[in-house]
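Dear colleague,

Please find below the structure that I am handing over to you.

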Amino acid sequence: MPPRRVAAGTALATTAALALALSACAGQSGLRSAGPTPTAIGPVRLWPGLPPISAPPLDFGESTRERVPGIEVAHDDIGTVSPVAVVRAEVAAHPDDVTGVDGLPRETAARLAECGEGARRGPGCPVLRAYHHDLTGNGRDELIIGIELPYQQLAVRCYTAEKGALIRIMSTSDQIVGAELAGSDLVLRVVSAGIPGYEYRTAWSWDGRRGTMLPTRDEIVPAVTPAPSGRPGVRRGPLPGQVGPSLPGPVRSPLPGAVGSPLPGPVGSPLPGAVGPSRPGTTGSPPSGPGGPSPLGHVGHHALLAASDHASPP
């Protein structure tokens with residue numbers, strides 16, 4: 001038999017064997033139906049004829065940037081910056097502001113004298129332990145400061161270093177009962193007086209276009225119940241290096257579920273006299289009434305809790 005005919009016969013035999021093998025495989029483990037697929041339903045737009053907003057709501061300044069005057073950051077190493085010096089510089093730059101993102105109540109500003117210098121801070125200092133964490137994703141740490149305010153409120157301010165300058169990228173205040181770091185997000189938990197057993201949880205995220213932290217996710221979730229003493233990850237009493245007393249409960253309380261999808265509508269409206277966005281039913285301004293201090297007393301049980309091994313004291 002000529003060589004060409006032998007080669008052709010061999011090729012035909014090989015092809016027939018391969019086809020038989022594939023046929024056997026298909027008969028045993030071929031594609032099978034997974035059942036009917038549900039019909040995809042897209043979003044339905046309601047009230048499509050709504051007119052555009054001609055006058056946007058008042059901007060309360062939470063997403064503004066501001067350079068802190070008088071503070072220089074050598075080599076953009078924000079770990080060299082004193083948190084107390086930062087707060088004092090902002091008070092000096094805005095001496096007449098007692099509310100808003102730049103201001104502090106006069107009694108809080110007066111208590112800065114009790115902070116002392118450097119690590120020698122008195123027990124009455126309103127500036128809590130500071131934390132360092134990469135919030136912007138640029139590989140360098142930012143500075144997170146908590147400041148105790150009257151009427152059980154806490155101011156939270158974040159700063160980044162740029163070309164030797166200290167830039168504030170976030171400022172808000174509320175009745176904060178806990179704060180966590182989730183990746184590069186700063187998650188603040190706020191009490192809800194109007195919905196017992198629940199709390200507001202807001203995730204602040206870096207926005208590169210504005211160069212600030214923005215409240216990107218806002219949720220109403222069941223309140224976090226402090227874990228029993230002795231469980232792993234639970235710490236009671238003051239945090240190491242903390243200036244003020246701490247809130248009893250877990251230092252790294254887990255977030256129930258995912259941070260979640262955004263709720264429809266705005267993040268919130270401001271409380272009278274408050275710096276940041278408010279929640280319905282919270283006590284954001286001094287209670288009205290004749291004479292005497294608020295029955296809520298001096299705020300002394302706020303702790304800025306960090307859920308990151310990279311968070312560190314100044």
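The notes that follow go from the chain as a whole to its sheet, its cores, its disulfide and some single residues.

This is a predicted model, in which local features need pLDDT of at least 70 and side-chain atom pairs count only at pLDDT 80 or more, while totals for chains, interfaces and linings use all residues. Residues are numbered from 1 along each chain as its sequence is written, and side-chain values use heavy atoms, with hydrogens and water left out.

**The chain as a whole**

The protein chain has three helices and nine strands; helices (H or I, at least four residues) and strands (E, at least two) are DSSP runs, numbered from the N terminus. Read from the N terminus, the order of elements is α-β-α-α-β-β-β-β-β-β-β-β. Of the 314 residues in the protein chain, 40% are buried, where buried means under 20% relative accessible area, exposed over 50%, and partly exposed in between (1.4 Å probe, protein chains only). The chain exposes about 17,500 Å², and carbon and sulfur atoms supply 61% of that area; accessible areas come from the Shrake-Rupley method with a 1.4 Å probe, and for residues only the protein chains shown count as cover. Among contacts between residues at least 6 apart in sequence, 57% join residues at least 24 apart, a contact being heavy atoms within 4.5 Å.

Five strands form an open sheet in the order β1-β5-β4-β3-β2, with antiparallel pairing; two strands pair if DSSP finds at least two bridges between them. β1 and β2 are the edge strands, each pairing on one side only. On average, neighbouring strands of this sheet are turned by 35° against each other, direction ignored. Between β2 and β3, which run antiparallel, there are three bridges, and tyrosine 131 stands opposite isoleucine 144 in β3.

Helix α2 lies across β1, β3, β4 and β5 and runs at about 120° to β1. For such angles, axes are lines fitted to C-alpha atoms, for helices over the stretch in contact, and angles run from 0 to 180 degrees between N-to-C directions. In α2 (residues 83–93), the buried residues are Pro83, Val84, Val86, Val87, Ala89 and Glu90. Their cover includes β1 (66–72), β3 (142–149), β4 (153–162) and β5 (165–174).

**The nonpolar cores**

A nonpolar core is a set of buried Ala, Val, Leu, Ile, Met, Phe, Trp, Tyr and Cys residues joined through side-chain atoms within 4.5 Å. The largest one has 23 residues, and those with the most contacts inside it are Val81, Val86, Val127, Leu143, Ile145, Tyr159 and Leu166. β1, α2, β3 and β4 each supply at least two residues of this core. Apart from this core lies another, of 20 residues, among them Ile144, Cys158, Val190 and Trp204. Cys158 has a relative accessibility of 0% and counts as buried.

Which residues does valine 81 contact, leaving aside its neighbours within four places in sequence? They are Ile71, Val73, Val86, Leu143 and Leu166.

**The disulfide**

A search of the whole structure finds one disulfide, defined as a pair of cysteine sulfur atoms within 2.5 Å. The disulfide joins cysteine 115 to cysteine 125, with an S to S distance of 2.0 Å. The torsion about the S-S bond is about 85°, so the disulfide is right-handed. Cysteine 115 is buried, at 0% relative accessible area, and cysteine 125 is also buried, at 0%.

**Single residues in loops**

Tyrosine 151 has a positive phi of about 60° although it is not a glycine. This tyrosine is in the loop between β3 and β4 and, at 21% relative accessibility, counts as partly exposed. Lysine 163 likewise is not a glycine, yet has a positive phi of about 50°. Lysine 163 is in the loop between β4 and β5 and counts as exposed, at 84% relative accessibility.

Histidine 94 is in the loop between α2 and α3 and is buried, with a relative accessible area of 17%. Not counting residues up to four places away in sequence, histidine 94 touches Glu66 and Asp102. Histidine 94 and leucine 104 are 10 residues apart in sequence and 8.9 Å apart in space, C-alpha to C-alpha.

With kind regards
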